[in-house]
Amino acid sequence: MMLHFTAACPATAELQDACGVPLGLVAQPLVAPSGSAAQPAPACWATDLARCARCHAYINPLCEVEAASWACSLCGCANDFASATSLRRYCGAAEHRRAALPELCSPVVDALCPLVAADPEEGVEEVLALEAQPALLALVDVCCSEEGLELAKGALAAAVEALPPAARFGLVSFGSQIGLHPVGGSGGGVQHIPLAGGEGAHASLHEVAPLGRMLASVGAGKASILPAVEALEAEPTVGGGRERALGDTLRAVLRWIALDAPAAAAEGAAAASLQSLPSGDSDEQSAQGPAGGLAAAQGFPGMRLLLFLAGPPNVGAGAVVARQPSAAERAAAEKAAAEQAEQAARELAALVLDPQAGCYPELSAWSDSVSRPAADAQQGAAAAAAAAHAVTGGLSHAAPPGVQAEQLVVHPAAREFYEEAGAAAAALGVSVDIYAACPQWTGLDLLEPLASASGGGMLLYPALDSAAVAQDVYKSLAQPRALACMLRLRCSPELELRGAHGRLVADRSVGNLFRLPCCSADDAFAFDLDRSSQRLACTAPAVQLVVQYSVLLPAPTAEGGPADGSRFVLQRRMRVLTAAMPLAESADQLLSSCDIEALACLIVHKTITTAAEQGVRDARQMLFDWLALVAAAAAERGNVQREADASLSDLPSLHHLPHLVYSLLASPLLREAPLGAAQQQLRQPPGPWRHPDAAAAMRSLLRVLAPDELSVAVCPQLASWSGPDRVAGLQHSLSAAALAVAQQPLWVLDSYFQLAVLCTAAAAAAGLRRTLAGIRSARRATPELLMLRQGQDDTAPFDCWLLEDAPPAGAAAQQAQQAGQEWPSFVAFLDAVTREAQRLLADGR
């Protein structure tokens, strides 16, 4: 499925409020309808599709279609086939042929759009497609160990294998200087450009070597690319440290791409437009603007930048650490902030309002100027404190030469630099993927905007010996990405769109229109819906999601043969997805209709947003209060008064919900501070959750995960196997009691980041291994596979995921309360939620 509703549409807004079930939609708009990786062929031109005169929705299978007219399934408006195109396509066809049209028989239809729309006033001709080449630039951090460098080399070799023959590949290294590595076999050594100091920060790579000369064709130059990759060398330490000037490197590389990308694309393959066909405008097409299409970069289909990071950037622009200010510097900053606040207060007091004159000056700017210094100071202090808490292992690994670790502090303002760098990359059509392989703190929370704002991804590898970087890079590059995406969601009047989650950016001028610089086929996005006051119509409410994007697709060879990766064409496409929402007349129907995976996806997105805007403590309280509200609603459904039961055991659709909420509360996402020594003694945290950057990496991944994968990443899945080819149970509680009761020979704990298999008895596991191999190959982040034998191996990596168990009694429980754990076990959590639900029932909610 591509569209997942969290629940049925409630008959009234009051019913939705009473049940507490958030209404929403989770969409995977670009996943292949058949489940295959191949892009489906477009069924028609976008302008061929009939559209509603009132809400502008596209015709779809839910519409009532007659010989000369049709009724919109979203707003109910009656439309006729008035245009010439509609007359030919719908009226001029026999009834059986009209019923067989893709837009009338399938909820998903793909259509072609012009790559560049015609503009006679500006003298712009319509461009339907362009011949272009994929391009990849690898940015390798050489301030690393030999083991880390070997990881990067293996990943680069996998990248070369994944790229098609027509793709072009470039290699740049960085540390204290930038290294331009010739990969085309033309000879010459590595050219180094210093970055240390004020002059180096503005070095021009364009003057050293044009970008086109540093990109080599994969098909013709693989024999020279791989030796260049193997020739990478780690930068030696100087004075006990290394300089990692990532920010200055990004500036130079992005400026290089901006100056040379069009010329480099022209060198690789001359831009050639295909045969032009007539096409018109649509509101999605007209709303493109400079960021919506590729008119500003004809022939340059963008570029993917792979950033391999081995530690925190520590010098120059974008450094995530800085020297600790002296007492005099802190006093001067505080004095300047106090003087600014005092001056703003005097200006505010001097204002005179004259209501009779009808003059009301805008006060928000004045009041903001009074509160901003104090608010900024508080926010900065909070950010610095949170960052300091995150660095549990110290900053010795981040110290540049000549600087002691004790002199360093985390620099939260670096996030602003990477936000700007990500936006600049997106404007150039560059998506940045970050692969961070470092056991210590790297500052990923500050670096994350570089990936998210440009449409790339970010993966963390806490342990170098088990890092599957090469596999993840190969899978990412083997999957095509959509560029310059626009999404438009239309709803029936009974539904209101309240907002979107994920990496979508709302358009400032067009309502319910969202933009995205880059998107993978598996990426998912969540939309907040609300039940409006509109009365239900006779038909079920419906939603329609329209996504328009550009994509590089293999083209037939010049001789007319089948596509072999030697030629690519850049096309603009549109996909229309339509779905009807089931109805719920009662609380029982509404609660029973919940899709737990879609609901989990929306709740996780809301929790992440609340934690970012209001703090982790408020997000934790919001989750607790919401689950208590759902438990109270479940007790009252069906006009039967029951005792509140937080386990929701009598609701199969929501039975897993308390487990998911409890696991989310225990995850790094909602951890107010790192686990201290007392908590480490209570329960060893799961391996992937121990890293100081685990929360940042997890947030970045959850923003794009599909509902089925997201629910596993938040709440690990414990399955039992009665034999090597037979599953006994798919969803056990995360407790030792589950293992003791079921008594199965094989247990598989899937935490998305790890697959831990516990063998309690001798058993051949050939079928199980095939299943696990399928899971590892399908995930964008390849999970680590652990095979453990009970009684022979240390089972701690498996046992640490049993999150619902209580800590040891006595002193350990007291330590848990002191460490800030409100509920030491899942049972205690359920008891607390049940008590709160009973209180709500007693108070009449």
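His659 touches Cys715, Ser733, Glu804 and Phe826, leaving out residues up to four places away in sequence; contact here means heavy atoms within 4.5 Å. The residue lies in helix 21, which spans residues 657-666. His659 is buried, at a relative accessible area of 13%, where buried means under 20% relative accessible area, exposed over 50% and partly exposed in between, with a 1.4 Å probe and protein chains only. The model is predicted, so local features need pLDDT of at least 70 and side-chain atom pairs count only at pLDDT 80 or more, while totals for chains, interfaces and linings use all residues. Residues are numbered from 1 along each chain as its sequence is written, and side-chain values use heavy atoms, with hydrogens and water left out.

**The chain as a whole**

- The chain has 30 helices and 32 strands; helices (H or I, at least four residues) and strands (E, at least two) are DSSP runs, numbered from the N terminus.
- Of the 845 residues in the chain, 51% are buried.
- The accessible surface of the chain comes to about 35900 Å², and 53% of this surface belongs to carbon and sulfur atoms. Accessible areas come from the Shrake-Rupley method with a 1.4 Å probe, and for residues only the protein chains shown count as cover.
- Among contacts in the chain with a separation of 6 or more, 76% are between residues 24 or more positions apart.

- Helix 21 is mostly covered, with 9 of its 10 residues buried.
- The buried residues of helix 21 are Leu657, Pro658, His659, Leu660, Val661, Tyr662, Ser663, Leu664 and Leu665.
- The cover over these buried residues includes helix 19 (596-614), helix 20, helix 23 (687-690), helix 25 (707-714) and helix 30 (826-842).

**Packing of helix 20 with helix 21**

- Two packed helices are described by the angle between their axes and the distance between the axes.
- Helix 20 (residues 616-636) packs against helix 21 at an angle of about 170 degrees, and the two axes are 11 Å apart. Axes are lines fitted to C-alpha atoms, for helices over the stretch in contact, and angles run from 0 to 180 degrees between N-to-C directions.
- Helix 20 and helix 21 are therefore roughly antiparallel to each other; angles under 35 degrees count as roughly parallel, over 145 as roughly antiparallel, 65 to 115 as roughly perpendicular and the rest as oblique.
- The contact is formed by Arg620, Leu623, Trp626 and Leu627 of helix 20 with Leu657, Pro658, Val661, Leu664 and Leu665 of helix 21.
- The residues of this contact between helix 20 and helix 21 comprise 8 nonpolar, no polar and 1 charged. Ala, Val, Leu, Ile, Met, Phe, Trp, Tyr, Cys and Pro count as nonpolar, Asp, Glu, Lys and Arg as charged, and the others, Gly among them, as polar.

**Packing of helix 19 with helix 20**

- The axes of helix 19 and helix 20 come within 7 Å and cross at roughly 145 degrees.
- Helix 19 contributes Leu599, Ile603, Thr607, Thr610, Ala611 and Gln614 to the contact, and helix 20 contributes Val616, Asp618, Ala619, Met622, Leu623 and Trp626.
- The residues of the contact of helix 19 with helix 20 divide into 8 nonpolar, 3 polar and 1 charged.

- Pro716 is found in the loop between helix 25 and strand 28 (717-723), and it is buried at a relative accessible area of 1%.
- Pro716 and Leu660 are 56 residues apart along the chain, and their C-alpha atoms are separated by 8.7 Å.
- Not counting residues up to four places away in sequence, Pro716 touches Ser663, Gln731, Leu734, Leu749, Asp750, Ser751, Trp801 and Leu803.
- Ala719 lies in strand 28 and is buried, with a relative accessible area of 8%.
- Ala719 is 28 residues from Trp747 in sequence, with a C-alpha to C-alpha separation of 5.8 Å.
- Apart from neighbours within four places in sequence, Ala719 is in contact with Gly729, Leu730, His732, Leu746, Trp747 and Val748.

**Residues with positive phi**

- Ala484, although not a glycine, has a positive phi of about 50 degrees. Ala484 is in strand 20 (residues 481-491) and counts as buried at 9% relative accessibility.
- Asn512, also not a glycine, has a positive phi of about 60 degrees. Asn512 is placed in the loop between strand 22 (505-506) and strand 23 (513-520) and is partly exposed, with a relative accessible area of 36%.
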